[in-house]
Amino acid sequence: APATDPTILGRLEGELSQLNSWSEKLARLSAVDPSYAASLSPNDDYRLLRALAVWEHTGRPLSSYPRSPCLMEMDWRCIYLTGDRDQLSRNIDLRCEKMVKAGLIQEVQSLQLDPQSPAGRAIGYQETLAFLSQIQQNGGKIESDLDALFVEYLEGFQAATRQYSRRQETWFRRL
């Protein structure tokens, strides 16, 4: 399938955000590509948006594009490792701390990311961008306030990462 046009994607994101439910969004896709709409998992906004963007860009439903026969012939077994949830949470917290110590804040500063870009919404980058924005807005704060902001930032980064880990595990259990 062709690449998606960023202008169309942006417009469609805005339009879909005005809809109240997944069923309304799915109905919109079903009107132009019912077979692809039927294949989507509930709340798979990313794929729904892509399918609508392809339709608007080309006038062809995404389901009309051939799938790679190689991919369809593969045995797609899914195996994942899991362990004690408390230990995993501790490991995640330590990993986040190591990333910050290794220069995550400086990396994000140097990249000058748009907070609305896919990279800007990634876990770690999103929290760092918000932290840097708070520092910039409150440039005259005393050092103890900056310490509190940093602790809040790090805890938010760790919490978002742990939540993502939980969502991954939930997803794997459903397979």
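Reader: Which residues does alanine 51 touch, not counting residues up to four places away in sequence?

Author: Alanine 51 touches Leu29, Tyr36 and Leu62, where contact means heavy atoms within 4.5 Å. This is a predicted model, in which local features need pLDDT of at least 70, side-chain atom pairs count only at pLDDT 80 or more, and totals for chains, interfaces and linings use all residues. Residues are numbered from 1 along each chain as its sequence is written, and side-chain values use heavy atoms, with hydrogens and water left out.

Reader: Is alanine 51 buried or exposed?

Author: Buried means under 20% relative accessible area, exposed over 50%, and partly exposed in between, with a 1.4 Å probe and protein chains only. Alanine 51 counts as buried because its relative accessibility is 1%.

Reader: Where is the place of alanine 51, and which residues of α4 are buried?

Author: An α-helix has 3.6 residues a turn, so residues three or four places apart point the same way. Alanine 51 is in helix α4; helices (H or I, at least four residues) are DSSP runs, numbered from the N terminus. In α4 the buried residues are Leu48, Leu49, Ala51, Leu52, Ala53 and Val54. Their cover includes α1 (6-17), α2 (22-32) and α3 (34-39).

Reader: What comes after α4?

Author: Glycine 59 follows α4, and its phi is positive, near 80°.

Reader: How far apart are the C-alpha atoms of alanine 51 and aspartate 33?

Author: Those of alanine 51 and aspartate 33 are separated by 8.0 Å, with the two residues 18 apart along the chain.

Conventions. Helices (H or I, at least four residues) and strands (E, at least two) are DSSP runs, numbered from the N terminus.
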